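The sequence and structure come first, then the notes.

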Amino acid sequence: MTLTTRPGDAQPTLATQPLHIPTSRRQFDYDVAIVGLGYVGLPTALAFHSTGSRVLALDISQRRISAIRSGDVDLLDVDHRRLAATVGDEEGWLLTDEPAELVRAAAIVICVPTPVDSHLTPDLTMLKSACAMVVDVAVSGQLIMLTSTTYVGSTEDLIVEPLRSRGHEIGHDVFVAFSAERIDPGNARFDHDEVPRVMGAATPQCEELAFDLLSRSTKNVHRVHSLAAAEMTKLLENTFRAVNIALANEFADICNTLDIPVTEVIDAAATKPYGFMKFSPGPGVGGHCIPCDPHYLLWQLREQRVAAPVITSAMTEIAARPHRIVARAKESLAGIGVPPAGARVLVVGVTYKPDVADLRESPALEILAGLHSEGSVVAFLDPHASALELHDGTVVERVDDPVAFDPDLVLLHTRHSDADLSWVRPDQLVLDATYREVGVGQRIVP
């Protein structure tokens, strides 16, 4: 018998049947397979390998596989060292683009992107494809864990039911769990094993196997009662951030109207040791989480005819923020007598956050597109981005010499730690969408 304590239980719940875990699991060549080797999947695979697990790392993109093999990938220093440690480890590391290899792994972890389309509707193409691929090759004894952030019920819809339709019995011959990723690209403060993981499973047997797997790469696994509770937890985490960032942006606008420096106000409020969490304003929100994840919840709630006015308002504001920056840029140029058509605008920092090379959902893309549509001559300066293409196919010039570009307006979008702003003239018009570069040129804020 197995005692399992879950949040909210007055006492441990007792599983009345022994857990039937197939002994055939011990015969797998690899302890875990990671499907999808992007900004989440690759660090996850490397974290498992660093703890001694035998890892099968799979991505269907040969280009991505080649980049990983050459080390030409955007990773923290610790993960670059972990990647170097995989070289020559033929028994403990297999990098492949062959889905058929998945039958060799005791556990399969799905880490594929879950974006939204141009209408902010969830794009489930990659998730459905990955889940279908895994279900198709699943063999007896395997644990299948979904980590991609998605709608509540997705693990049931895309993994549990398809497995059952193929004759599998969940919790007896195959096992299913959900545990959303918690990786913050570019953030070296928290190593993989220091970040708690929330996990829900289809059955008690599934829960035990999932707990064992996650415990190999993290010190703290928090169990919840169901797959759905685990899925909703991730949506709450990122919706919470979205709502508070929208509030910070709104306060920035209010403070600007009242001629109060918003950063001073936020820093002052953050001295309170309880009841306040610091969020900062900016040009918008990018990346794979905040601009996308709450829309999975809103999409599902619309189908249920359930209103979520606070979340809806926050996501509307977030979507509109880049347009607000474009409008402020036009106002700033008008203030010095320069029309937007023909104005030279240099955007400094275009990735979605400091010190990463990730352009996904970056507000800079919309800002540059908005300025380009006004007839402005736009360019960018960013050591972490070698090329930038707008949604309509327009290629934006990257400049290496900002002085030679001679911008009418410098728009500070992302402040990388290695950024050099010494070239900015004292009389240079600077729109500081980071809200932090006090004393740079003729600075204004959105």
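Helices (H or I, at least four residues) and strands (E, at least two) are DSSP runs, numbered from the N terminus. This is a predicted model, in which local features need pLDDT of at least 70 and side-chain atom pairs count only at pLDDT 80 or more, while totals for chains, interfaces and linings use all residues. Residues are numbered from 1 along each chain as its sequence is written, and side-chain values use heavy atoms, leaving out hydrogens and water.

**Helix α9**

- The buried residues are D293, P294, H295, Y296, L297, L298, Q300 and L301.
- Their cover includes α7 (227–257) and α10 (309–335).

**Strand β4**

- Strand β4 (residues 55–58) is covered on both faces: V55 and A57 are buried on one side, L56 and L58 on the other.
- In a regular strand, side chains alternate between the two faces of the sheet.

**Neighbours of β4**

- Strand β3 (residues 32–35) runs parallel to β4 and is joined to it by four bridges (strands pair if DSSP finds at least two bridges between them).
- L56 in β4 is the bridge partner of A33.
- From β3 the chain passes through helix α1 (residues 41–50) to β4 in a right-handed β-α-β crossover (clockwise from the first strand over the helix to the second, with the strands pointing away from the viewer).
- Strand β5 (residues 93–96) is also parallel to β4, with four bridges between them.
- W93 in β5 stands opposite V55.

Notes. Buried < 20%, exposed > 50% of the residue type's maximum accessible area, 1.4 Å probe, protein only. Contact = heavy atoms within 4.5 Å.
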